[in-house]
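Here is a short tour for a reader new to this structure. Keep the sequence and the 3D view side by side.

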Amino acid sequence: MTSTPVVAPRRRHRFRIGTFFVYVVMIAITLLWITPTVGLLVSSFRPADDVKTSGWWSVVTNPDKARFTLNNYRTVLGLPIPGQSAPTGSSRVGMDVALINTLTVALPSTIIPILIAAFAAYGFAWIDFPGRRALFILVVAMLVVPLQISLVPILRDYVALQLGGTYLGVWLAHTGFGLPLAVYLLYNYISTVPRDIFESAFLDGASHFTIFTRLILPLSTPALASFAIFQFLWTWNDLLVALVFLGAEPRVQVVTQRLLGLLGQFGQDWHLLTAGAFVSMVVPLIVFFSLQRFFVRGLMAGSVKG
């Protein structure tokens, strides 16, 4: 006669209590995390007078007196406001030029280090040459070097080479600052590719370049997408590097510089800053959600071997 195992009700009850507690904590943290963002979103649709005289929560506490407008977004985007003359010249805020400038900086600054780092990671992982390990350690060690200490020496070289205030100078700077992380991340992924694939390819007469372009790049899509997200978001949200190497002229200002200018001379126009912040979020969100399915796989690359 066999006996069937019975799950203890007390253990099941404890499990349910633990799960419920975890959910409650997660919901509380989520609400605390998104509350400032919700406040900024509400403020971006409120008139300037309301923003300066009452908090965003008054929309909830006094919904009858709440007023909403799109004028903040119209001003930020340089669009005409009904009943007012269209702004021109220096009075026009317009983030359209800043968005184009930021894309001009971010896209090459993401693609160039990916290409260089992919070649370097493949060489470190599968090409045997003298000093390979020492050189790889040197590259990875650059991760701990703050970029701020290199700004002045690089700027002096840029002035001598007449690269100051050019997009090429910013592209090279972002490439140099992003390469250590890119090489490390891609090396962890490429080094886990089975050796049998390389042996079969070499037997078929494939060269290292053919293996890299036909096998490694397609297989490394998750790692490439993960670094692309990191690098694009970093270059998109960067203020310091753009300010140092590109300058502060209105024709070359990026989004972060334009957002800083939206505050006004005395910080009185921060209702425009809320609208500008959400305008600047659109492109990064599109990039993240389009590559999200590769993100976790790329971060976990090389963490488990065998």
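Helices here are DSSP runs of H or I with at least four residues, and strands are runs of E with at least two. The model is predicted.

**Annotated segments**

The UniProt record, an unreviewed entry, carries the annotation "transmembrane region". That annotation covers residues 20-42, 105-127, 134-155, 167-190, 211-234 and 270-291. How much helix and strand does the chain have over residues 167-190? The chain there is 100% helix and 0% strand. The end C-alpha atoms of this stretch are 31 Å apart. Residues 20-42 are 100% helix and 0% strand, with end C-alpha atoms 31 Å apart.

**A nonpolar surface patch**

Now look at the surface. Phe21, Val22, Tyr23, Val25, Met26, Ile27, Ile29, Leu31, Trp33, Ile34 and Val38 form a nonpolar patch there. Together they have about 1,100 Å² of accessible area. One of these residues, Tyr23, lies in helix H1, which runs over residues 9-44.

**Pocket and cavity**

Two spaces are set out below.

Helix H7 (151-161) and helix H8 (167-190) each supply at least two residues of the lining. Which element gives the largest share of the pocket lining? H8 does, with 5 residues.

Next comes the cavity. The structure holds 1 cavity of 30 Å³ or more. Lining the largest cavity are Thr102, Val105, His174, Thr235, Trp236, Asp238, Ala242 and Val254. Helix H5 (96-126) and helix H11 (221-236) are the elements that give two or more residues to this lining.

**Salt bridges**

How many salt bridges does a search of the whole structure find? The search finds 2. One of them joins the side chains of Asp50 and Arg67, at 2.8 Å from N to O. Asp50 lies in helix H2 (residues 48-53), while Arg67 sits in the loop between helix H3 (58-61) and helix H4 (71-77), so the pair ties together parts that are 17 residues apart in sequence. Side chains of opposite charge can pair when their charged atoms come close.

How values were computed:
Residues are numbered from 1 along each chain as its sequence is written. This is a predicted model: local features need pLDDT of at least 70, side-chain atom pairs count only at pLDDT 80 or more; totals for chains, interfaces and linings use all residues. Side-chain values use heavy atoms; hydrogens and water are left out. Patches are made of residues with over 30% relative accessible area and no salt bridge: like charges are joined within 9 Å, nonpolar side chains (Val, Leu, Ile, Met, Phe, Trp, Tyr) within 5 Å. Accessible areas come from the Shrake-Rupley method with a 1.4 Å probe; for residues, only the protein chains shown count as cover. A salt bridge is a side-chain nitrogen of Lys or Arg within 4 Å of a carboxyl oxygen of Asp or Glu. UniProt positions are given in the numbering used here, feature names are shortened, and annotations may be inferred rather than shown by experiment. On a 1 Å grid over the protein atoms alone, a cavity is a set of points where a 1.4 Å probe fits but cannot get out, and a pocket is an open set with protein on both sides within 12 Å along at least five of seven lines; lining residues have an atom within 4 Å of a point. Grid points are joined across faces, edges and corners, and a volume is the space filled by probe spheres set on the points.
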